[in-house]
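These are my notebook entries on one protein model. I record what I looked up, in the order in which I looked.

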Amino acid sequence: MSIYDRICRTCGVSFKGGPRAWYCPDCRKERQRERSAKYRKSTPKRSLGSKDICQNCGEEYTVEGGLQKYCPKCQDIMHKKLDTEQSLEYYRKNKEIINPARNAKRRVPDARCVICGKDFKRSGRAKACPECRKEYKNGNWRSIYGKRYTKK
């Protein structure tokens with residue numbers, strides 16, 4: 001996980017945090033306190049075991065948790081969709097930071113030909129440049145299998 005400098009959305013203080021960290025530790029504790037107090041005062045809108053309608057397909061399902069919005073068939077699909085949307089939003093905002101590091105990892109260094117010693121752009125695990133590749137393959141084949149096929 002990448003830890004970056006973040007700016008708190010409440011107080012504007014800079015802090016270290018992951019990709020979805022929005023609040024500094026102090027503001028996060030305060031928000032949790034407020035949320036807990038609100039939760040203790042509220043009554044459940046739907047009781048467990050009651051029926052509700054899926055927000056994706058409109059099918060009726062049995063409520064198994066307080067935050068459940070989707071029927072069991074749509075649940076994984078919709079969570080994946082939400083996760084993808086959030087990931088793309090984060091990527092679009094931070095691609096100037098992400099891309100240079102990602103592109104550096106993708107770059108394949110030039111390789112030196114084992115036959116002629118010339119540098120070339122490697123494709124896959126190639127050990128010889130395109131001009132010497134046939135010679136390298138023939139020599140490699142002879143070293144492995146050639147003894148079986150030589151005349152005695």
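**Entry 1: R112.** I began with the contacts of R112, where contact means heavy atoms within 4.5 Å. Neighbours within four places in sequence set aside, R112 is in contact with G117, K118, D119, F120 and K127. I then placed R112 in strand β5; helices (H or I, at least four residues) and strands (E, at least two) are DSSP runs, numbered from the N terminus. A polar atom of the R112 side chain lies 3.1 Å from the backbone oxygen of G117. I noted R112 as exposed, because its relative accessible area is 56%. On this scale buried means under 20% relative accessible area, exposed over 50%, and partly exposed in between (1.4 Å probe, protein chains only). I also looked up a distance along the chain: R112 and V13 are 99 residues apart, and their C-alpha atoms are separated by 51 Å.

**Entry 2: basis of the values.** I note that this is a predicted model, in which local features need pLDDT of at least 70 and side-chain atom pairs count only at pLDDT 80 or more, whereas totals for chains, interfaces and linings use all residues. Residues are numbered from 1 along each chain as its sequence is written, and side-chain values use heavy atoms, with hydrogens and water left out.

**Entry 3: overall layout.** I found three helices and six strands in the protein. Read from the N terminus, the elements run β-β-α-β-β-α-β-β-α. How does the radius of gyration of the protein compare with the globule rule? The radius is 30 Å, well over the 15 Å that the rule gives for 152 residues, so the protein is more spread out than a compact globule. The radius is taken over C-alpha atoms, and the rule is 2.2 Å times the number of residues to the power 0.38. Along the principal axes, the C-alpha atoms fill a box of roughly 95 × 45 × 25 Å. Of the 152 residues, 18% count as buried. I looked at contacts between residues at least 6 apart in sequence: 4% of them join residues at least 24 apart.

**Entry 4: domains.** The domain assignment gives domain 1 (4-98) and domain 2 (110-148); such bounds come from an automatic or database domain assignment. The centres of the two domains, taken over C-alpha atoms, are separated by 55 Å. I also looked up A37, which is placed in helix α1 (residues 25-41). A37 counts as partly exposed because its relative accessibility is 26%. From A37 to A104 the separation is 67 residues in sequence and 48 Å in space, C-alpha to C-alpha.

In the salt bridge of D110 with K121, the closest N and O atoms are 3.4 Å apart. D110 lies in the loop between α2 and β5 (111-112) and K121 in the loop between β6 (119-120) and α3 (133-149), so the pair ties together parts eleven residues apart in sequence. D110 is partly exposed at 45% relative accessible area, and K121 is exposed at 67%.

E131 and K118 meet through their side chains in a salt bridge of 2.8 Å, N to O. The loop between β6 and α3 holds E131 and the loop between β5 and β6 holds K118, so this pair ties together parts 13 residues apart in sequence. I recorded E131 as exposed, with a relative accessible area of 57%, and K118 as partly exposed, at 40%.

**Entry 5: cysteines.** How many disulfides does the rule give? The count comes to zero, with a disulfide taken as a pair of cysteine sulfur atoms within 2.5 Å. The cysteine sulfur closest to that of C11 is in C8, 3.6 Å away, which is too far for a bond. For C132 the closest cysteine sulfur is in C129, at 3.5 Å, also too far for a bond. C11 is partly exposed, at 41% relative accessible area, and C132 is buried, at 10%.

**Entry 6: N99.** N99 lies in helix α2 (residues 72-106). Is N99 buried or exposed? N99 is buried, with a relative accessible area of 17%. Its side chain makes a polar contact with the side chain of Y91 (3.0 Å). A polar contact is a pair of N or O atoms within 3.5 Å; within protein, one must be able to donate a hydrogen and the other to accept it, and residues adjacent in sequence count only if both atoms are side-chain atoms.

How values were computed
A salt bridge is a side-chain nitrogen of Lys or Arg within 4 Å of a carboxyl oxygen of Asp or Glu.
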